[in-house]
Amino acid sequence: MDFKGKLVLAPLAGVADSVFRGICRSLGADITWSEMASAEGLVRDWSRNAGLIGFTAEERPYGIQLFGSDPETMAAAARLAASLGPDFIDLNFGCPVPKVVRRNSGVALMRDPGLVGRIAAVVVATACDLPVTAKIRSGWDDSHLNYLEVADELFRAGISAVTLHPRTRAQGFSGASDWSQIARLKSLSPVPVIGSGDVCEPQDALAMFEATGCDAVMVGRGALGNPWFFARARALVDGLPDPGPPAVEERFSLAAEHARMTAGLRGEARGVVAMRKHLGWYARGLPGAPALRRELFSCTSLAEVDRLLQDYQRGYQCTRTG
Ligand SMILES: Cc1cc2nc3c(=O)[nH]c(=O)nc-3n(C[C@H](O)[C@H](O)[C@H](O)COP(=O)(O)O)c2cc1C
């Protein structure tokens with residue numbers, strides 16, 4: 001896997017599904033990640049849970065992310081995941097969600113670097129020649145900033161790249177992502193380092209490359225309702241002018257297409273419900289967005305989505321011309 005200079009779509013549970021990953025990839029994301037999947041769930045009931053990590057060729061290069069705490073279960077899940085033919089397997093040692101942490105998974109494992117190393121080693125040994133990468137946080141809390149120690153265990157286990165989201169479990173998503181930790185990890189790492197955290201505007205991607213020397217920049221919340229982020233950031237990183245944000249017509253045309261594709265994947269009723277948050281994000285920052293978002297959040301059919309988006313555009317054009 002080549003991570004050098006790449007702009008990658010973050011793993012985003014409940015958000016970056018196959019449809020959204022395909023859209024981001026088509027608009028300039030270089031690499032995509034699955035939503036995190038429970039190793040235990042995959043091993044216990046593969047046929048029921050494999051859908052979460054399924055993908056299409058358009059999403060490649062694509063990595064499947066696993067979380068769990070038992071090395072053998074993680075290895076068994078990695079073997080199953082590898083059978084789908086992704087480009088790499090990623091291990092989650094950063095999720096702060098209480099449900100995950102209670103089961104000693106995600107960021108809880110940062111408290112046990114030795115176990116992180118054992119999990120990584122056994123997955124590397126059984127991942128059927130696929131590269132294995134890992135995603136970590138800074139540590140458990142401010143008095144336990146042990147990302148370098150955990151990374152060292154990962155290097156010795158033979159991982160191929162490491163992503164650092166430099167916040168602690170205690171911080172969750174509050175405060176600022178401490179990019180100096182990404183720079184420090186990069187200066188010591190024998191494998192590519194991917195930086196994550198607070199790349200909110202396209203110019204932040206260039207700033208992160210420059211400030212940290214990281215190999216790749218990961219984009220999470222900045223891409224929500226805004227997959228054009230990648231093309232704009234790419235232009236800036238390549239020293240070209242920013243093509244700027246899309247016009248409202250382009251935004252809503254993609255939002256409607258995104259809704260149709262999601263309905264195609266999940267069925268119309270479930271697909272439209274799953275789309276509500278995305279539709280809200282596509283409307284973000286527009287004049288009258290709060291009222292539009294309220295209506296979008298209660299949509300139940302594709303026809304209703306289309307009607308609301310078209311009505312808004314007609315009103316928007318009137319205010320622009322009139
Ligand atoms: C809704 C949401 C879901 C997330 N799901 C995952 C996940 O499944 N696996 C993971 O490693 N990180 C997950 N993250 C963390 C992101 O990948 C990323 O590291 C974090 O949001 C910081 O980057 P950002 O400031 O660009 O959003 C999630 C974040 C959000 C906001």
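Before counting which helix gives what, I noted the rule: helices (H or I, at least four residues) and strands (E, at least two) are DSSP runs, numbered from the N terminus.

I am working on a predicted model, where local features need pLDDT of at least 70, side-chain atom pairs count only at pLDDT 80 or more, and totals for chains, interfaces and linings use all residues. Residues are numbered from 1 along each chain as its sequence is written, and side-chain values use heavy atoms, with hydrogens and water left out.

I looked for pockets next. On a 1 Å grid over the protein atoms alone, a pocket is an open set of points where a 1.4 Å probe fits, with protein on both sides within 12 Å along at least five of seven lines; lining residues have an atom within 4 Å of a point. Points are joined across faces, edges and corners, and a volume is the space filled by probe spheres set on them.

**Largest pocket.** I found a volume of about 860 Å³. Its lining has 42 residues, with L12, F173, G220, R221 and L224 nearest the centre. β6 supplies the largest share, three residues.

**Second largest pocket.** I read about 320 Å³ here. Its lining has 19 residues, and D17, E35, L52, L265 and R266 are the closest to the centre. I see α12 giving the most, five residues. Where does this pocket lie? Domain 1 (6-237) and domain 2 (248-321) both give residues to the lining, so the pocket lies between them; the domain bounds come from an automatic or database domain assignment.
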